[in-house]
Amino acid sequence: MSTFEDHLAALDLELFARIPAQLTEADKRSLLAVQHSLRERIPHYTYLEIGSHLGGSIQPHLLDERCGRIYSIDKRPLAVADERGYKVPYPENSTAHMLKLLREVNPQADERIICFDADASGVDPAAIAPSPHLCLIDGEHTDRAATADYAFCRKVMGEHGVVLFHDGNIIYSALAGILESLGSEGTPFHAYALPSSVFVIEFGEVDLHKSAPIARMLIDNHEQYLFGLLSLEHYREVYNRKPIRMIRAVWQAWLRTKHGLRGAR
Ligand SMILES: C[S@@+](CC[C@H](N)C(=O)[O-])C[C@H]1O[C@@H](n2cnc3c(N)ncnc32)[C@H](O)[C@@H]1O
């Protein structure tokens, strides 16, 4: 009979089968590859996520005996702000419902998971002990919130660890700002994107990118690249329509007059 380890090594999506997750199949494979590689390097790890909804992204960690403690931070609003310019509805979004589903995955859910019904600013960092080695940021999809969630994760993480962002194709300005500040601080890190839209920042030489499943995804990395660009295609479509082109032409002329810019787009 196959063990949990066999399923994880095979990046078997069955590990996500019991609770719906807001993830593509490729996202799920990427998250399993990260989990597989991390637990080889840190045999007893702690997981934290911001934005849990039904618990879909928690389930493979709850099935993993090597993951001793799980933190779930979720503000549980009924609609969530999003950088794409609209609010995403989350009706009947509750921690009680999530825990009910997670108990069906593993009856030890209540002992293993600590839940905070708040955004990260409402959580006392001292309450996050032991420190997480792996954090997933998947709460409010605005640049402001993703940056604040990242700052919280960095505060509570140890030296060695990994921060994951889901939907990097939406909060890419936050990612650019975060990487720029890591560069100017001189903090060593490795950053890369996995399919479909999982953005990874590694700290403290955990070197997950050297593990076989992640190295494979990084060689054939067209999938996440095209997913990210195609997810923005409708903006280009609207931006290139005739009335908008006329507004752009006026706007560019105004910019050239104001700043003396050439070829402003
Ligand atoms: C995209 S869903 C999370 C999906 C989940 N990770 C999965 O894979 O199935 C976003 C979640 O973030 C929560 N949320 C929204 N704004 C938040 C905030 N500012 N802080 C923490 N959680 C937030 C919502 O309640 C919702 O449950």
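Ala, Val, Leu, Ile, Met, Phe, Trp, Tyr, Cys and Pro count here as nonpolar, Asp, Glu, Lys and Arg as charged, and the others, Gly among them, as polar. Keep that colouring on for the tour.

The model is predicted: local features need pLDDT of at least 70, side-chain atom pairs count only at pLDDT 80 or more, and totals for chains, interfaces and linings use all residues. Residues are numbered from 1 along each chain as its sequence is written, and side-chain values use heavy atoms, with hydrogens and water left out.

**Stop 1: the ligand**

The shell holds 19 residues, and the closest are Gly51, Ser57, Asp74, Asn93 and Asp138. By class, six are nonpolar, seven polar and six charged.

Now show polar contacts (pairs of N or O atoms within 3.5 Å; within protein, one must be able to donate a hydrogen and the other to accept it, and residues adjacent in sequence count only if both atoms are side-chain atoms). Start at Asp74: an N or O atom of its side chain is 2.6 Å from an oxygen atom of the ligand. Go to Asn93, where a polar side-chain atom lies 2.7 Å from a ligand oxygen atom. Then pick Ser57, with a polar side-chain atom 2.8 Å from a nitrogen atom of the ligand. On its own the ligand has 600 Å² of accessible area, and the protein covers 97% of it (Shrake-Rupley method, 1.4 Å probe; for residues, only the protein chains shown count as cover).

**Stop 2: the largest pocket**

Two kinds of space come next. On a 1 Å grid over the protein atoms alone, a cavity is a set of points where a 1.4 Å probe fits but cannot get out; a pocket is an open set with protein on both sides within 12 Å along at least five of seven lines; lining residues have an atom within 4 Å of a point. Grid points are joined across faces, edges and corners, and a volume is the space filled by probe spheres set on the points.

Where does the ligand sit? It sits in the largest pocket (more than half of its atoms lie within 2 Å of the pocket's grid points). That pocket holds about 710 Å³ of space. Select its 40 lining residues; Gly51, Val80, Asp138, Gly139 and Glu140 lie nearest the centre. The lining has 17 nonpolar, 11 polar and 12 charged residues. Highlight α6, which gives the most, four residues (helices, H or I, at least four residues, and strands, E, at least two, are DSSP runs numbered from the N terminus).

**Stop 3: the second largest pocket**

Move to Gly168, Asn169, Tyr172, Gln224 and Gly228, which lie nearest the centre of this pocket among its 15 lining residues. Its space is about 280 Å³. α9 gives the most to the lining, with four residues. Nine lining residues are nonpolar, six are polar and none is charged.

**Stop 4: the cavities**

How many cavities of 30 Å³ or more are there? The count is two.

The largest cavity has a volume of about 70 Å³. Select its lining, including Phe16, Leu31, Tyr47, Ser57 and Leu164. α2 (25-41) supplies three residues, the largest share. The lining divides into eight nonpolar, three polar and no charged residues.

Finish at the second largest cavity, about 50 Å³. Among its lining residues are Asp138, Gly139, Glu140, Asp149 and His166. α6 and β7 (161-166) each supply at least two. By class, four are nonpolar, three polar and three charged.

Note on methods:
A residue is near a molecule or strand if one of its heavy atoms lies within 4 Å of it.
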